[in-house]
Amino acid sequence: MSESTGHSLQYVYRDSLLHKTYPLVKLIWVFVVALGLFLFRTPLPGAVLFVAVLVLAMAAGRIPFRQIMSSAKLIFGLGIILMFFHFFADPGTPVYQLGPLTVTDGGLRQGPVFFFRLSVVVLSSFLLIWTTDSRDLMVSLTQAGISYRYAFAVFLALRFLPMVQREVDSVRAAHAIRGQAASSSLGHRFKLWQRYMFTVLVNGLRKAEATAAALDCRAFGLYPKRTYVKPVHYNPKSLVLLAVTLIVIVGLMVVERGL
């Protein structure tokens, strides 16, 4: 696999501890992190877990800080939107009036909680993509007893993510060359995004149709079992990631309840 950091949603090969961790364990780890975040009631545990996942990405995954920052628009953007929504939507005592909208004290308390919930889930999901070969994840799912047909669907989803991202980049570059979209008005940019989505959707449907035809030509799904050229071996040491994460989450919950 290429080590290019040009596209954030793709596997980046590194000789790191996370890359050697069993893929299915990392997938379960993402769900454990997400579940733990929904048990927190204050922003502090979410902030601690965010820093912990960030350090894990750079230290144990050897993911360049520049690549993480290039994905920050998506990681932080979704969280900030959700946080501001709760500023105005949550009930409580009015604190600040912004036109017809009212910021409440309940929203100021809960907004950061939801910011860290979404941001940490997105960051941990990115970490799974950056450190996991989608083929290895597919094989590990079949080793866990899941039908290879469903495991292949997961493989296709991860495989199409960088392709869609490259498609968006190509369409954006083409529009920028033709119309200087970066310096246009907000209304014109909205129309451009509509064109982006239409083009990406059409090209995505074409790729899906070609993939389905290729699967039919190869008689995919004909046999109950499938063999794999590249073996994936389970290492019990991979469970250290889950164990440490559970200890951190339980410790944060104890501290939060005590405070």
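Predicted model: local features only at pLDDT ≥ 70, side-chain atom pairs only at ≥ 80, totals over all residues.
Biologist: What percentage of the residues of the chain count as buried?

Modeller: The C-alpha trace spans about 65 × 55 × 30 Å along its principal axes, and the accessible surface of the chain comes to about 15400 Å², of which 69% belongs to carbon and sulfur atoms. A residue counts as buried when its relative accessible area is under 20%. Of the 259 residues of the chain, the share that passes this cut-off is 39%.

Biologist: Which residues of H5 are exposed on the face turned away from its buried side?

Modeller: Helix H5 covers residues 72–89, and its 18 residues should span 26 Å at 1.5 Å a residue, which agrees with the 25 Å between its end C-alpha atoms. Its buried residues are Ala72, Ile75, Gly79, Met83, His86 and Phe87, and they lie on the same side of H5 because they cover an arc of only 110° around the axis. The face turned away from that buried side carries the exposed residues Lys73, Ile81 and Phe85.

Biologist: Is helix H7 largely enclosed by the rest of the structure or largely open, and which of its residues are buried?

Modeller: Helix H7 takes in residues 134–143, and eight of these ten residues are buried, so H7 is largely enclosed by the rest of the structure. The buried ones are Ser134, Asp136, Leu137, Met138, Val139, Ser140, Leu141 and Thr142.

Biologist: Which residue caps the N-terminal end of H7?

Modeller: Just after H7, glycine 145 takes a positive phi of about 100°. At the N-terminal end, a side-chain oxygen lies 3.1 Å from the backbone nitrogen of arginine 135, and the residue that provides this oxygen as a cap is aspartate 133.

Biologist: How far apart in space are alanine 151 and leucine 137, C-alpha to C-alpha?

Modeller: Alanine 151 has its place in helix H8, residues 148–179, and counts as buried because its relative accessibility is 1%. Not counting residues up to four places away in sequence, alanine 151 touches Met138, Leu141, Thr142 and Ile146. Although alanine 151 and leucine 137 are 14 residues apart in sequence, the distance between their C-alpha atoms is 8.1 Å.

Biologist: Which side chain joins that of histidine 19 in a polar contact of 2.5 Å?

Modeller: Histidine 19 lies in helix H1, residues 17–20, and with a relative accessibility of 14% histidine 19 counts as buried. Leaving aside neighbours within four places in sequence, histidine 19 is in contact with residues including Tyr11, Lys26, Gly61 and Trp130. A polar atom of its side chain lies 2.5 Å from the backbone oxygen of valine 12, while the side chain that joins it in a polar contact of 2.5 Å is that of serine 16.

Biologist: Which residue forms a salt bridge with arginine 109, and in which helix do both lie?

Modeller: Side chains of opposite charge can pair when their charged atoms come close. For arginine 109 the partner is aspartate 105, with the closest N and O atoms 3.8 Å apart, which falls within the 4 Å cut-off for a salt bridge. The two residues are four apart, about one turn of the helix, and both lie in helix H6.

Biologist: How many salt bridges does the count come to?

Modeller: Aspartate 15 forms one with lysine 20, where the closest N and O atoms are 3.3 Å apart, and lysine 20 is exposed, with a relative accessible area of 59%. Glutamate 256 forms another with arginine 257 at 2.4 Å; glutamate 256 is buried at 10% relative accessible area, whereas arginine 257 counts as partly exposed at 39%. With the pair of arginine 109 and aspartate 105, the count of salt bridges comes to three.

Notes. Residues numbered from 1 in each chain as written. Heavy atoms only, no water. Salt bridge = Lys/Arg side-chain N within 4 Å of Asp/Glu carboxyl O. Buried < 20%, exposed > 50% of the residue type's maximum accessible area, 1.4 Å probe, protein only. Expected span 1.5 Å × (residues − 1). Arc of directions from axis to C-beta. Polar contact = N/O pair within 3.5 Å; in protein donor to acceptor, adjacent residues only side chain to side chain. Contact = heavy atoms within 4.5 Å. Areas by Shrake-Rupley, 256 points an atom, 1.4 Å probe, with all protein chains shown as cover.
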